[in-house]
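Please read the following points with the sequence and the model open.

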Amino acid sequence: MRRLQSLLLAALLPLLLGAQPGKKPGAAPEQVSVTVATRDLAVGEVVKEADLAAVQVDKQWATGSVVQTESRQYILGQRLLHPVLKGDLVTWMVFETTKNPALHDRCAQAVALPESALEQVQRARQLLLERKR
């Protein structure tokens, strides 16, 4: 009986320690290239090439909502509906889906957003710090 338990433990030990079947031990996770903001971006700003950079991340972090580097041309010239902090992964949901210029003003007024990028980013950071965990 004790020998059977030892054999089962030996067989399950790699799985318990995080090994994945079919994956070489010590192999680096697969990396993909995604888009991040190079500076704080405020609501209403139009995204330019200089505002974006490509970084490599584990594939598990590159969900369908994250803008991959090869899709970056689709967000250039687009207006933001939400502030984006420097270094954040850029997601599709932060962009306008309409060309109506009055939409930005109404949205910003409805949620009482500050005018400058600095004020918006400070508010976003404060909300993150106050969020319950």
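1. Helices (H or I, at least four residues) and strands (E, at least two) are taken here as DSSP runs, numbered from the N terminus. On that basis the protein follows the pattern α-β-β-α-α along its sequence, with three helices and two strands.

2. The model is predicted: local features need pLDDT of at least 70, side-chain atom pairs count only at pLDDT 80 or more, and totals for chains, interfaces and linings use all residues. Residues are numbered from 1 along each chain as its sequence is written, and side-chain values use heavy atoms, with hydrogens and water left out.

3. Taking a contact as heavy atoms within 4.5 Å, 61% of the contacts between residues at least 6 apart in sequence join residues at least 24 apart.

4. Strand 1 and strand 2 run antiparallel and are joined by seven bridges; two strands pair if DSSP finds at least two bridges between them. Gln 31 stands opposite Asp 58 in strand 2. Strand 1 is mostly covered, with six of its seven residues buried.

5. The loop between strand 1 (31-37) and strand 2 (52-58) contains Ala 42. Why is Ala 42 counted as buried? Because its relative accessibility is 3%. Its C-alpha atom is separated by 4.6 Å from that of Pro 83, 41 residues apart along the chain.

6. A nonpolar core is a set of buried Ala, Val, Leu, Ile, Met, Phe, Trp, Tyr and Cys residues joined through side-chain atoms within 4.5 Å. The largest has eleven residues, including Ala 37, Leu 41, Leu 80, Val 84 and Phe 95. Apart from it lies another core of five residues, among them Val 32, Val 34, Val 57 and Ala 62. Not counting residues up to four places away in sequence, Leu 41 touches Asp 51, Leu 80, Pro 83 and Val 84.

7. A pocket is an open set of points on a 1 Å grid over the protein atoms alone, where a 1.4 Å probe fits, with protein on both sides within 12 Å along at least five of seven lines; lining residues have an atom within 4 Å of a point. The second largest pocket holds about 150 Å³ of space. Its lining includes Pro 83, Val 84, Val 90, Val 94 and Leu 128, and divides into eight nonpolar residues, one polar and one charged. Here Ala, Val, Leu, Ile, Met, Phe, Trp, Tyr, Cys and Pro count as nonpolar, Asp, Glu, Lys and Arg as charged, and the others, Gly among them, as polar.

How values were computed: Points joined across faces, edges and corners; volume = space filled by probe spheres on them. Buried < 20%, exposed > 50% of the residue type's maximum accessible area, 1.4 Å probe, protein only.
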